[in-house]
Amino acid sequence: MCFGENAVRKIAVCSPDLVAAVIAGSGVFVYRPGMHSTWLFASGGPCFARDIAYYNGKLYSISSDGELFVHEFSDSISADIVIGIAPQAYSCQGYSWRSTFYLVISCATGRLMMVRWRWHLPIFYNVRRWGVDELRKEIKLDVFEADLE
């Protein structure tokens with residue numbers, strides 16, 4: 001499989017026999033040296049994956065909507081939803097939140113965390129060019145610990 005450089009969002013070497021990648025607009029792919037001769041699509045996971053993390057011997061991915069998936073590897077590759085809905089981000093009148101998600105492992109606690117990076121944009125930003133005074137210069141980071149028990 002051939003990926004363009006701008007399409008590869010992240011590559012994670014999970015172990016000597018497992019490499020995973022997030023491909024923009026395509027999802028999560030895995031490569032298992034010695035078992036497969038090419039990258040395989042991790043079916044059942046998010047089609048629009050934003051990030052991946054290898055945590056406690058499992059591969060996790062997060063969708064553009066904030067859904068958290070865990071991927072299982074045996075004869076086939078499958079994924080199950082762990083958390084189905086990201087916590088709500090509130091908007092104010094005339095503006096909406098745009099966001100993207102990341103998975104990180106906390107240095108302090110060693111736990112899997114979801115980070116939502118969000119910013120305000122005018123609701124009608126596609127319709128017209130907006131003025132400098134209309135842009136809200138507000139960026140927020142929300143950090144959530146995944147309850148995996």
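Q: Is D142 buried or exposed in this one?
A: In this predicted model, D142 counts as buried, because its relative accessibility is 14% and the cut-off for buried is under 20%.

Q: And what does the D142 side chain pair with, say on the R116 side?
A: The side chains of D142 and R116 form a salt bridge, with an N to O distance of 3.0 Å. D142 sits in strand β11 (residues 139-145) and R116 in strand β10 (residues 112-122), so this contact ties together parts of the chain that are 26 residues apart in sequence.

Q: Where does R116 stand on accessibility, buried or exposed?
A: R116 is buried, its relative accessible area being 4%.

Q: What about R118, how far is it from D142 in the salt bridge?
A: The salt bridge between the side chains of R118 and D142 has an N to O distance of 2.5 Å. R118 belongs to strand β10 and D142 to strand β11, so the two tie together parts that lie 24 residues apart in sequence. As for accessibility, R118 and D142 are both buried.

Q: Which residues make up the network there, then?
A: R116, R118 and D142 are linked in a network of salt bridges.

Q: How many salt bridges does the structure hold?
A: The structure holds 4 salt bridges, and one of them joins the side chains of K10 and D51, at 3.1 Å from N to O. That pair links distant parts of the chain, with K10 in strand β1 (residues 8-15) and D51 in strand β5, 41 residues apart.

Q: How exposed are the two partners, starting with K10?
A: K10 is partly exposed, since its relative accessible area is 29%, which falls between the 20% and 50% cut-offs. D51, on the other hand, is buried, with a relative accessible area of 6%.

Q: Switching to backbone: what is the phi of N56?
A: N56 has a positive phi of about 50°, although it is not a glycine. For context, most residues other than glycine have a negative phi.

Q: Why does N56 count as exposed?
A: N56 counts as exposed because its relative accessibility is 65%, and the cut-off for exposed is over 50%.

Technical notes
Residues are numbered from 1 along each chain as its sequence is written. This is a predicted model: local features need pLDDT of at least 70, side-chain atom pairs count only at pLDDT 80 or more; totals for chains, interfaces and linings use all residues. Side-chain values use heavy atoms; hydrogens and water are left out. Buried means under 20% relative accessible area, exposed over 50%, partly exposed in between (1.4 Å probe, protein chains only). Helices (H or I, at least four residues) and strands (E, at least two) are DSSP runs, numbered from the N terminus.
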